Amino acid sequence: MSPRVSILFILNLLFLFGNVVGSLNPRFQACEPKTCGNGQNITFPFHIKGKQDPSCGLPHFGLVCASNGFPVLNLSNTFYIVDEIFSNPSFQLSNSTNCFSPSTNLTTSIRFTLAPNQKEVLLFFGCDLPSLAEEMKANVLGCFEGNRTRWVLGMAVNDEEKKLKYAKDNCRDGSTMRMVVENVEGGIREALRRGFLLKQRNWTVRGCDACQSSGGRCGFDFDANGFRCFCRNSDQLARCSSGGLLSVRIQSD
């Protein structure tokens, strides 16, 4: 090995060593993928409140961990379980429970919009189970949280008019709530268990794929109000640098 090549090789090793052993970027460390316990890693554009820094996700994309180990999202003052986050980007929510409580009808916001081609269902609260006609008992979903001696019926919005009228007449002391499900195959209860799909609205971060492929973690800079790529040693606008990895060809004189 010639002296010239040896010096270049040593300099590159020193540069690489300095990057590796140098202090890690605290935001890179803070945005390590985390889970609520169910095995699903939460990363940008979401973050888990109390486990990850808010800069690890977009504003107002914070999740909290439920006691069952699933991340949950607050929509219309109702907490929905985040069952799965897809890369397209969309995610599946559900509100699985045995006792239902009426809440504000689901409304989307500047953050999210409903995925297309889904179905609406109606929930009727405060229904009297003993007086229900036999053919209506298949529509019973569970108890009514506000009065556990009363029950909740589920109906598709395009169900028979006489059945809808029967539900309204029988459940006079309760309220009616609209919910969205992906489909109604297998019945309303099964449809509610499967949940529905939401998509992120009005945000596109083209740099996230490039950031991740370069070894960085996607995040948000609140001071600059924009996307940042958190790299091991610094913050970058789009992607991490090579970190001093230069190719060296060893040749002899």
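Biologist: Okay, what order do the seven strands of the open sheet come in?
Modeller: In this predicted model, the order is β1-β2-β3-β4-β5-β12-β7, and the pairing is mixed.

Biologist: Which strands stand at the edges?
Modeller: Those are β1 (47–48) and β7 (112–114). Each has a single partner strand, so one side of each has no neighbour in the sheet.

Biologist: And how many bridges join β4 to β5?
Modeller: Four, between β4 (residues 78–85) and β5 (residues 90–94), and the two strands run antiparallel. Valine 82 sits opposite leucine 93 in β5.

Biologist: Let's stay in β5. Is serine 90 buried or exposed?
Modeller: Serine 90, which is part of strand β5, is buried because its relative accessible area is 6%, and the cut-off for buried is under 20%.

Biologist: So what does serine 90 touch?
Modeller: Leaving out residues up to four places away in sequence, serine 90 touches Ile85, Leu198, Lys199 and Gln200.

Biologist: New topic: helix α3. Which of its residues are buried?
Modeller: In α3 (residues 161–170), they are Leu164, Ala167 and Asn170. Looking down the axis of α3, the buried residues fall within an arc of 135°, so they line one face of the helix.

Biologist: Why would residues three or four places apart point the same way?
Modeller: Because an α-helix has 3.6 residues a turn.

Biologist: What do the buried residues of α3 pack against?
Modeller: Against β8 (119–127) and β10 (147–156).

Biologist: And what's exposed on the other side of α3?
Modeller: There you'll find Glu161, Lys162, Lys165 and Lys168 exposed.

Methods: Residues numbered from 1 in each chain as written. Predicted model: local features only at pLDDT ≥ 70, side-chain atom pairs only at ≥ 80, totals over all residues. Heavy atoms only, no water. Pairing = 2+ DSSP bridges. Buried < 20%, exposed > 50% of the residue type's maximum accessible area, 1.4 Å probe, protein only. Contact = heavy atoms within 4.5 Å. Arc of directions from axis to C-beta.
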